[in-house]
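Student: Could you go through this structure with me? I'd like to start with how its parts are named.

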Amino acid sequence: MLPQYERLVNVDGDDTGRGGVGGYASSSGSGSLRRSTFRVRFGRLAVATVMLPVMGFLFCVIWSLLYNFEQANATHCLVYNFLPSLSAAIGNYQPQRFVWQFSVLFHAPFRYSIAFLYKNHHLALLSRKHRKEWAYLACILNIVELSSLVGLSLWTSSNNYEIHKFCFSAFVICSIIYMYLVVLINRLTRTEELLTLAERKSLRFKRRLLVINVASILFAIYFFVRHNNHCEPGIYSLFALSEYVFVYSNIGFHMTAYWDFINANVYFHWRTGIHFSSV
């Protein structure tokens, strides 16, 4: 389903592949990959990439509870809460802000590469359905989602609320549409009986995490409105908990790339950049 060799980044403009990013490397290019500076399993790199925001966000919440409990849980209602909101945990205090921004910015380049990798993967799946525009739409949504995550991390609710709110809204909307579209592409183009065990597991987790993701944002909206209307103790913390579930279900959905490209390698070469290989 995937090309033998696929270029993700072309550092010096050397066109050994077809069309730069996402193009196929030539036979001579495959030999250079064997002599790459180093090679790493895609799965290991994916786990390391995902662990950055997972551990970064966990650190922000725990540190806020330990050292900024009163300030992080304060709202205009002046009632007791026990969990800080996403925005308060990652953006209002130090060192939480630095840790979260580092986690997001450091993992973003690999995530952008994966967006283009998935574009080619979805193009291959949709080639017989004459709906290749879905692959491009999914790629755009994925890039906008990640860019919005970077934006809401850099412009926090405390220093620029309007930009933070816009980026957060774009992140939520694009991530949900992207997740649904990916599930739809797989449902339209794949037969359960013909999938490998890893592909089956990936698709199963995608479906479940999509449901959890949508349910969590609906609960978050409900608790947010209820808190603003009634100012009940603890309700804002339930809103925060719903945000946590939304964030981690989103991370989990992207982590299914581990099974989609389970046999893949990523090659790093000093001259030709980063390459993807399915073997």
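Tutor: Helices, with at least four residues, and strands, with at least two, are runs assigned by DSSP and numbered from the N terminus. Please keep in mind that this is a predicted model.

Student: Ok, how many disulfides does the structure hold?

Tutor: The structure holds one disulfide, formed by Cys77 and Cys231, whose sulfur atoms are 2.0 Å apart.

Student: Where do Cys77 and Cys231 lie?

Tutor: Cys77 is in the loop between H3 and H4, while Cys231 is in the loop between H8 and H9, so the pair ties together parts that are 154 residues apart in sequence.

Student: And what is the handedness of that disulfide?

Tutor: The disulfide of Cys77 and Cys231 is left-handed, because the torsion about its S-S bond is about -60 degrees.

Student: What about the backbone, which residues have a positive phi without being glycine?

Tutor: Cys231 is one of them, with a positive phi of about 50 degrees. Leu78, in the loop between H3 and H4, is another residue other than glycine with a positive phi, near 60 degrees. Leu78 has 75% relative accessibility, so it counts as exposed.

Student: Where is there a cis peptide bond?

Tutor: A cis peptide bond joins Gln94 and Pro95, with omega at about 10 degrees, and Pro95 is found in the loop between H4 and H5.

Student: New topic, what volume does the largest pocket have?

Tutor: The volume of the largest pocket is about 590 Å³. It is lined by 23 residues, and the closest to its centre are Ser87, Tyr161, Phe224, Phe239 and Glu243.

Student: Which element gives the most to the lining of that pocket?

Tutor: That is H7, which gives six residues to the lining of the largest pocket. By residue type, the lining of the largest pocket divides into 13 nonpolar, eight polar and two charged.

Student: How many cavities of 30 Å³ or more does a search of the whole structure find?

Tutor: The search finds one cavity of 30 Å³ or more, and the largest cavity holds about 360 Å³ of space. Its lining has 29 residues, with His107, Arg111, Asn250, Ile251 and His254 nearest the centre. The elements that each supply at least two residues of this lining include helix H2 (42–67), helix H5 (96–126) and helix H6 (133–154). The residues of the lining of the largest cavity divide into 21 nonpolar, six polar and two charged.

Student: Last one, how do strands S2 and S3 run?

Tutor: Strand S2 (residues 38–41) and S3 run antiparallel and are joined by four bridges, and Arg39 stands opposite Tyr267 in S3.

Student: Why is S3 largely enclosed by the rest of the structure?

Tutor: Strand S3 covers residues 265–269, and four of these five residues are buried, so the strand is largely enclosed by the rest of the structure.

Note on methods:
Residues are numbered from 1 along each chain as its sequence is written. This is a predicted model: local features need pLDDT of at least 70, side-chain atom pairs count only at pLDDT 80 or more; totals for chains, interfaces and linings use all residues. Side-chain values use heavy atoms; hydrogens and water are left out. On a 1 Å grid over the protein atoms alone, a cavity is a set of points where a 1.4 Å probe fits but cannot get out, and a pocket is an open set with protein on both sides within 12 Å along at least five of seven lines; lining residues have an atom within 4 Å of a point. Grid points are joined across faces, edges and corners, and a volume is the space filled by probe spheres set on the points. Ala, Val, Leu, Ile, Met, Phe, Trp, Tyr, Cys and Pro count as nonpolar, Asp, Glu, Lys and Arg as charged, and the others, Gly among them, as polar. Buried means under 20% relative accessible area, exposed over 50%, partly exposed in between (1.4 Å probe, protein chains only). Two strands pair if DSSP finds at least two bridges between them. A disulfide is a pair of cysteine sulfur atoms within 2.5 Å.
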